[in-house]
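Please open the structure in your viewer and keep the selection tool at hand, as this tour moves from one stop to the next and says what to select at each.

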Amino acid sequence: MKIAMIGTGYVGLVTGACLAKIGHEIICVDQDREKIDALCGGAIPIFEPGLKDIVDEGVQDGKLSFSTDLTQAIELVDVIFIAVGTPQASDGRSDLTQIENAAKQIAKAANGDKVVVVKSTVPVGTCRRVGRILGKHDHQHTFQVTSNPEFLREGNAVSDFMRPDRIVFGTNSAQAEAIMCDIYAHFDGANVPVIKTSLETSELIKYSANAFLAAKVAFINEMANLCDATGANVDDLSLGIGLDSRIGAAFLKPGPGYGGSCFPKDTLALTILAQEADSPSRIIESVVDSNSNHIRRLGRKIADFCADCWKTDKKNSLIDKRIAVLGLAFKANTDDIRSAASTVIAPLLIKQGASVIGFDPEATIAAEAAIDHIETTTVINEALTGADAVVVLTEWDAIKLIDWAEKKTLLNAPVVIDLRNLYSPEMMAKLGIQYLSLGRPTVE
Ligand code: UGA
C-alpha cells in the first residue's frame, strides 16, 4: 500500500521505515529540509539500534523515500499517517498545533478521499477534532480518521514494531478498518492480537498503558526507599512480586525516576484530561508527584552520602569536588536526554559547587546544549580520572560492564553512587569502594 507519513521525527521515521520493511511504499515527509536532505544522503538524525539498516534497505528497495513536498505526497497516496510532535504545553496539556496544521494541510492538498491515521500520542477527542478540521477545510472529499497508537520504546523501537505485543486501532468506518487490517496483514500469521475499537478507546489505551507502566516504576522506586528504611532488599522484592503472573516482572527496576519524552508528558496530560472530564485520577496524580519527589530526594541523598564518605561538613561538601556522572541519556540505547535524570541531578550538583563531567556514548552533544557548565566525554576513563565521586544514572552496557577493580585506581576517592543498581554491593565492598545503591542493604 502507498502511505504518506507526515512527520519524520522519532515515531514517524521508525514507523515509516518499519512499514516499508513489511512491504508498503512509504513517503516520509517533513518540513525540515535539512533533516530530509540528511535522510536522502543516508544519514539518520537519531540514534536508534537497527534503524539505519532498515532505512537503507527500504531506500534501496525503492519502498522508502523522503520529501518536503507534502502536497505531492498526499496526492500520491490514499492513506496518510500523522506522526508529528505533541509536545507538552506550558499548562501541562499536549500542544496539538502540529496535529491541527497537518490536518489543514491534508485537507488543502487532498485530491480524493483519504484515510487519515493519527499515530502521534494525543488526548481523547483529538481524532474527532482532526475529522472536524478536515471536513471544515475540504467539503469535496471524505476523510476517515483512525487512531493507531504506537508502543515503541526508544532504544528498542525497531524490534517493538517487528514483534508487537498487540496492534490497536480505533475507527468508526468499516472501510478504514479493512485498510488498517491490510496495512498490518504482515503480522497475521504471528498471532499478534489486534484490538479494533472506537477512536476514544484507542486514544485512551495509549495514555493508560504509559500511565500504568509509569505507575509501576514509581511504585518500585517507593518500595526501594522503604527497603532502605527497613533493611529489606529491593532486588529480591522485585523478583518476589514480579514472578506473580498477575503483576509481571517488567518495569520493576528501581532507578532515578522515569524520564524521556513520553511518561512525564503523558502522565501529566492524563491527569489534566481526567480532571477536565470530571473524573480525576488520584492514582496518576500521585505517580506524577512521587516521581518528581523521588529525583529531588536522590539529589539530597547523593550530597549527604558524599559528605559522609569524604567526612566533610554536609553544608558545603560539594564545593570544588569533581563528580563523574555516568550516563546522560534518560535510559540506555538512546541519545535522548528529555526529562533525563542527568538534567536534574547534574545542575543540582553544579549549583552546590561541584564540577561535573558527564560520560555518555551517544548523548553528550544534547547534554552540553541542555545542561549549563557541564563538561562531557565519550571516553569513560576521562570521566573517572580524578573524580571525587561517581554517580551512575544510565544502564548503558559500557557502564554496566565497568571493571571497578581496574577503574578504582583512576578515582581521587572511591565513592560510587549507583542509581540503577548495576553492581553487586558485596563486590564493591570487597574492592573498598564506598557504595550507595537503591533499596539494598549496605555491605561493610
Ligand atoms: C515508553 C513506553 O514504554 C512505550 O511503550 C511507548 O510507546 C513510548 O513510551 C511512547 O509513548 O512513545 P520510552 O519512553 O522509550 O517508552 O521508555 P521506557 O523504556 O518505557 O522507559 C521510560 C522510563 O522509565 C525511563 O526513564 C526508564 O529508565 C524508566 N524505567 C523503566 C525504570 O526506571 N525502571 C524500569 O523498570 C523500567
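This is a predicted model: local features need pLDDT of at least 70, side-chain atom pairs count only at pLDDT 80 or more; totals for chains, interfaces and linings use all residues.

Begin by selecting Asp278, which is exposed because its relative accessible area is 70%, where exposed means over 50% relative accessible area, buried under 20%, and partly exposed in between, using a 1.4 Å probe and protein chains only. Asp278 has its place in the loop between helix 11 and helix 12 (282-310); helices (DSSP runs of H or I, at least four residues) and strands (runs of E, at least two residues) are numbered from the N terminus.

Residues are numbered from 1 along each chain as its sequence is written, and side-chain values use heavy atoms, with hydrogens and water left out.

**The two domains**

Next, colour residues 2-195 and residues 198-444 separately, since the domain assignment of the chain gives these as domain 1 and domain 2; such bounds come from an automatic or database domain assignment. The C-alpha centres of the two domains lie 33 Å apart, and the contact between them takes 35 residues from domain 1 and 28 residues from domain 2, where contact means heavy atoms within 4.5 Å.

**The ligand**

Of the 19 residues around the ligand, Glu150, Glu154, Lys206, Asn210 and Lys253 come nearest, and a residue is near a molecule if one of its heavy atoms lies within 4 Å of it.

Show the side chain of Glu150, where an N or O atom is 2.7 Å from an oxygen atom of the ligand, and then that of Lys206, where a polar atom also lies 2.7 Å from an oxygen atom of the ligand. A backbone N or O atom of Lys253 lies 2.8 Å from a nitrogen atom of the ligand. The protein covers 92% of the 710 Å² of accessible area that the ligand has on its own, an area that comes from the Shrake-Rupley method with a 1.4 Å probe (for residues, only the protein chains shown count as cover).

Highlight helix 9 (199-230) and helix 11 (263-276), the elements that give two or more residues to this shell; helix 9 gives the most, with three residues.

**Two buried loop residues**

Move to Ser120, in the loop between strand 5 (114-118) and helix 6 (126-137). Is Ser120 buried or exposed? At 8% relative accessibility, Ser120 counts as buried. A polar atom of the Ser120 side chain lies 2.7 Å from the backbone oxygen of Val84, and, not counting residues up to four places away in sequence, Ser120 touches Ile82, Ala83, Val84, Thr86 and Ile99.

Then select Asp138, in the loop between helix 6 and strand 6 (143-147), which counts as buried at 8% relative accessibility. The side chain of Asp138 makes a polar contact of 2.8 Å with the side chain of His141. Leaving aside neighbours within four places in sequence, Asp138 is in contact with Ala107, Ala110 and Phe143.

**Two residues with positive phi**

Most residues other than glycine have a negative phi. Select Phe251, in the loop between helix 10 (234-242) and helix 11, where phi is positive, near 60 degrees; Phe251 counts as partly exposed at 30% relative accessibility. Finally, select Asn333, in the loop between strand 9 (322-326) and helix 13 (342-351), which has a positive phi of about 65 degrees although it is not a glycine, and which is partly exposed, with a relative accessible area of 35%.

How values were computed. A polar contact is a pair of N or O atoms within 3.5 Å; within protein, one must be able to donate a hydrogen and the other to accept it, and residues adjacent in sequence count only if both atoms are side-chain atoms.
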